[in-house]
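Here is a friendly walk through one protein model, written for someone who would rather look at a fold than at a table. Please keep the viewer open as you read.

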Amino acid sequence: MLEVILFGIVAGLDNLQASTSLGLLPMQRRRMHMLAIAFCACELGAAILGLLLGRGLISMLGPLASHIAPFAMLACGVIILWLAYRSEAKGLPQFVNHPGFLLGLPLALSLDNVVAGAGVSFSSAPVMTSAIIIGVISAGMACFGLYFANWIRNFLPKRVELLAGAYMCFLAVRMMYND
C-alpha cells in the first residue's frame, strides 16, 4: 500500500505546482471552490478511468498525456502574463473565472492520472482502492496548493499575477523537458 501512496504523491506533484500558481490569481471565491471541485473530480475520475481502460491505455495514451498538460499550462501561463502585463482590469479576472479555464486545466493535468490508474493494474494492491487513493491524494494536493496560495496572496504585492503567469510558464517548460 505504501507504493500506492507514493505513486499518488508523485502523480499529484504537477497539480500541486499548477494549483499553487492558480491560487495567486484574482479568482472569485465561488470560482475557486469550483476549480477545487474540478481538480477533485478530474483527478479521481482519471485514476478510475485508467484502471477501467487498463494496460492497453498506457501504450496508447502515455506519450500523449505527457505532452497535453505542459502545453495547456504554457498556454494559460502566457495568457496570464499577457493580461497581467497589459494591466487588463477585466481581462485577467474574466479569463481565470471562465468555465473553460476552470475545467480545461484540471482536465489536461489529470491525464497523467489516467496513465497512473492503468499502471495500478500491475500492482499487487487492491486495484479499485489503489485508484481511489491515487485520485484522492492528487486532488488533495491540488486543493492544498490552491487554497494555500490564495491565502499567501494576501501578503504579496498587487502585481503577483505576473509571478503566477511566469511560474506557470516555467513549470510547463520544465515538464516538457523532463519527459
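Residues are numbered from 1 along each chain as its sequence is written, and side-chain values use heavy atoms, with hydrogens and water left out.

The score pLDDT is the predictor's confidence in each residue, on a scale from 0 to 100. For the protein chain the average is 77, and 83% of the residues score at least 70. Where pLDDT is low, the predicted coordinates should not be read in detail.

## The overall fold

The protein chain has eight helices and zero strands, and its pattern along the sequence reads α-α-α-α-α-α-α-α. Helices (H or I, at least four residues) and strands (E, at least two) are DSSP runs, numbered from the N terminus.

Of the 179 residues in the protein chain, 46% are buried. Here buried means under 20% relative accessible area, exposed means over 50%, and partly exposed lies in between (1.4 Å probe, protein chains only).

Two packed helices are described by the angle between their axes and the distance between the axes. The axes are lines fitted to C-alpha atoms, for helices over the stretch in contact, and angles run from 0 to 180 degrees between N-to-C directions. Angles under 35 degrees count as roughly parallel, over 145 as roughly antiparallel, 65 to 115 as roughly perpendicular and the rest as oblique. A crossing is right-handed if the near helix is turned clockwise from the far one by less than a right angle, and left-handed if anticlockwise.

How do α2 and α7 run relative to each other, parallel or antiparallel? Their axes come within 8 Å and cross at roughly 160°, so the two helices are roughly antiparallel. This crossing is right-handed. The residues of the α2 contact with α7 divide into 20 nonpolar, four polar and two charged. For these classes, Ala, Val, Leu, Ile, Met, Phe, Trp, Tyr, Cys and Pro count as nonpolar, Asp, Glu, Lys and Arg as charged, and the others, Gly among them, as polar.

Helix α2 (residues 29–53) also meets helix α5 (residues 99–109), with axes that come within 9 Å and cross at roughly 30°. That pair is therefore roughly parallel, and its crossing is right-handed. On the α2 side the contact includes Arg31, Leu35 and Phe39, and on the α5 side it includes Pro99, Leu102 and Leu103. By class, the contact of α2 with α5 has 10 nonpolar, no polar and two charged residues.

## Helix α1 against α5

The axes of helix α1 (residues 2–22) and α5 come within 10 Å and cross at roughly 155°, which makes α1 roughly antiparallel to α5. The crossing of α1 and α5 is right-handed. Asp14, Asn15, Ala18 and Leu22 of α1 make the contact with Phe101, Leu105 and Leu109 of α5. By class, it has five nonpolar, one polar and one charged residues.

## Residues to click on

Ile48 lies in helix α2 and is partly exposed, at 22% relative accessible area. Beyond residues up to four places away in sequence, Ile48 touches Met128, Ala131 and Ile132. The C-alpha atoms of Ile48 and Met128 are 7.2 Å apart, although 80 residues separate the two in sequence.

Gly12, in helix α1, is buried at 0% relative accessibility. With neighbours within four places left aside, Gly12 is in contact with Ser138 and Met141. Asn150 in helix α7 is also buried, at 15%, and touches Gly23, Arg29 and Met32, again not counting residues up to four places away.

How values were computed. Contact = heavy atoms within 4.5 Å.
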